[in-house]
Amino acid sequence: MSAVGIVSLTAAKAAPLLLASLGGLLSESSGVINFALEGMMLIGAFMAVWVAHASGSPWIGLAGGLLGGMAIGFLHSVVSLKFRANQIVSSIALNLLAAGVAGMLLNEVFGVYGTSPSVAGLPTTNQALASVFSKIGIAGEPEVPLIGGMSVLIPLAVLLGLAVMAFIAWSTTGLHIRACGENPHAARAAGLPVTGIRFLAVVAGGGLAGLGGAFLSIGELSQFVERMTHGRGYLAIAALILGRWRPAGVLAAVLVFGFGQALSEWLAVRWTYLPDQVFLVFPYAVCLSVLVVRIGSKRPPSALGRL
Amino acid sequence: MNKAGLGRRIEGSIESLSGLVPALVFGFLMCALLAVLAGVAPVDLATTVWTGAWGSPDAAATTLSKTTPLLLTGLAVSLAYQTNLLNIGCEGQLTLGALASSAFAVAAAPLPGLVLIPLTMLVGAGAGAAWAYPAVWLKQQRGVHEVISTLLMNYMAIYLCEYLVLGPLGDGTAMGRTPEIPTGAVWPFLWRHGAVGVTAAPFLALLLCIGVHLWLSRTCWGYEIRAVGSSTTSSRAAGIPVDRWQTRLFVLSGALAGLAGALEVATVHHRFYRTFSPGYGFDGITAAFVVNASPGWLWLSGLFLASLRAADKWLQLSLQVTPNAIVIIQAVLLISVACQARFRSAWQFMLTRFKEVRSGYR
């Protein structure tokens, strides 16, 4: 792998984090704490493999991942909005639930422990473009620089991410969502259905995080591995904190964390005289040390965690 | 205490339980429903857990020994939660405490048992405390939520211990374990039955829980801590050093988790090995929250979770229920306990209606 390889590897590592942290941003902008991203990603990863296995198509599997994440988002919003639960406790319980359910279903559906059998993964960017080209009748083999040989989900994640960022920052609905997170009473007085908006924001955020999980299982690999998210959901929340709950900041933070993960994989094959654990621990160490740095001053949404 | 005071106390405790108890009943009903959906009769589940955990003297001794880490990690989570901090880093703190204490016990083998045992415990607790402190610093100085930092530090602790036990602190084999600790550092059995037995550890953990309960409910410091827990802003206005209490309790919480690891080494495994904790740190969260983070009731949740943990092989063998089911049960209970405010308001609504009806208002 060349030094250019590290750029594409960064993209591959940052893409699932970007999806998950934008999911978290949607939910937290509306004022609902969402530490359940880990569980949403895990269920998304599992559902993607399950549905891809059952249907035979990784694209339908991707939709399965979306629905899996949305299901956890639905539970989180019902528990925290309807039943007024402590949102942090609810999130942690849902992460536990996701780990248990994914492990149990893995055993029930595939009859195995730990790792699922391989399913059809999503095509690479070049392959996907080639099939599109042949459908619309353009001759020639497309060659995308850097990420051409990597999963098609990377460009899709970037496009989706930019769309979500624009939606939160510039659209009227995005403004409504942020209003619910800053001052729900004022928003309610202005005639906004605060609970409904928060509900939709959490469920949609769950869907995004589920897509991020699906990226891990049918984009990067083509199977589900128990606990395969490895704290990425929490890294995504760390990206929210580092990015100060602003879309552009979140994007930058996600790139930093993605670079950390990519660098550790890149170094792991070069500096083989160092023990494996150094590289395994590197992404988390990068995340924590970056959080020590004080950048900017934007605070979290004022009404975060309050109904 | 006069009669009116007693009545008020009873009414108060009914009110504080009026959310938790229905929530737990609801949670257990949901678990039963899930069991039925999975094709297992809930009665079978309960009897298997009971016989698996308490059916024979051996089983009971094993279950009691599993209670120790659960009580301590549960106490760790409850203690930090008194000041509104959630320590989900017990897993890492426990692992690090276990490794530090076993390495210390091996290195300090010549010391007599009477000195070695307390020192080993102190080293374990110190390692856990040291691993907890950065999280509270990040919280206070940089506004990083402690749930995030402690979780990331879990991964770091586990990889750090894995490296140390495969390298410098290992016993030279490729097994990924430390040498066995000297017999002077091992806690003797108070009561034994064949190869298994009960040490003083579960009772020590129970005493710690009761001690913390009394500390919180009967002392001036405990009052300050509970004030911080109910409102940081008004405590700050009243001159209570909020940040200092949060730091102290969080570090103490880490120390308890580290102590759990040290006790696990000194009473059960007698060494540290890779994948040391089967999730005791996360079980501590459940143990704490199903009794509303009140240390006086931890024995109940600790025994319950230890029974589940001890019976997991039985569940697998006789009912083909995977250990993942235990995680699901915990999650369902946690979720329903988190919803207790709703149950409490329903109870209060019924109570007011009842009082209205009784006083003749229709």
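This report walks through a predicted model with chains A and B.

## Ground rules

The model is predicted, so local features need pLDDT of at least 70 and side-chain atom pairs count only at pLDDT 80 or more, while totals for chains, interfaces and linings use all residues. Residues are numbered from 1 along each chain as its sequence is written, and chains are lettered from A, with ligands numbered from 1, in the order in which they are written.

## Chain A

Chain A comes to 12 helices and 0 strands (helices are DSSP runs of H or I with at least four residues, strands are runs of E with at least two, and both are numbered from the N terminus). Its radius of gyration is 19 Å, close to the 19 Å that the globule rule gives for 307 residues, so chain A is as compact as a globular protein of that length. That radius is taken over C-alpha atoms, and the rule is 2.2 Å times the number of residues to the power 0.38. Along the principal axes, the C-alpha atoms of chain A fill a box of roughly 55 × 45 × 45 Å.

Buried residues make up 52% of chain A (buried means 20 or more other C-beta atoms within 10 Å of a residue's own, exposed means 12 or fewer, and partly exposed is in between, with C-beta atoms placed from the backbone). Of the contacts in chain A with a separation of 6 or more, 77% are between residues 24 or more positions apart (a contact has the two C-beta atoms, placed from the backbone, within 7 Å).

## Chain B

Chain B has 15 helices and 2 strands. The radius of gyration of chain B is 22 Å, close to the globule-rule value of 21 Å for 362 residues, so chain B too is as compact as a globular protein of that length. The box for its C-alpha atoms is roughly 80 × 55 × 40 Å along the principal axes. In chain B, 48% of the residues count as buried, and 78% of contacts between residues at least 6 apart in sequence join residues at least 24 apart.

## Inside chain B

Helix 6 of chain B (residues 146–166) has 21 residues and should span 30 Å; its end C-alpha atoms are 30 Å apart, which agrees. The expected span is 1.5 Å times one less than the number of residues. Since 17 of those 21 residues are buried, helix 6 of chain B is largely enclosed by the rest of the structure.

Helix 7 (residues 201–218) and helix 8 (residues 220–230) of chain B pack at about 80°, with axes 5 Å apart. Axes are lines fitted to C-alpha atoms, for helices over the stretch in contact, and angles run from 0 to 180 degrees between N-to-C directions. The two helices are therefore roughly perpendicular (65 to 115 degrees; under 35 is roughly parallel, over 145 roughly antiparallel, the rest oblique). Residues making this contact include Trp215(B) of helix 7 and Trp221(B) of helix 8.

Leu34(B) sits in helix 1 (residues 3–37) of chain B and counts as partly exposed, with 17 C-beta neighbours inside 10 Å. Leaving aside neighbours within four places in sequence, Leu34(B) is in contact with Ile328(B) and Val332(B). Ile328(B) is 294 residues away along the chain, yet the C-alpha atoms of Leu34(B) and Ile328(B) are separated by 9.4 Å.

## Where the chains meet

The contact takes 35 residues from chain A and 33 residues from chain B. On the chain A side, helix 4 (87–110), helix 10 (232–242) and helix 12 (276–292) each give two or more residues, and helix 4 of chain A has the largest share, 13 residues. That side divides into 26 nonpolar, 7 polar and 2 charged residues (nonpolar: Ala, Val, Leu, Ile, Met, Phe, Trp, Tyr, Cys and Pro; charged: Asp, Glu, Lys and Arg; polar: the others, Gly among them).
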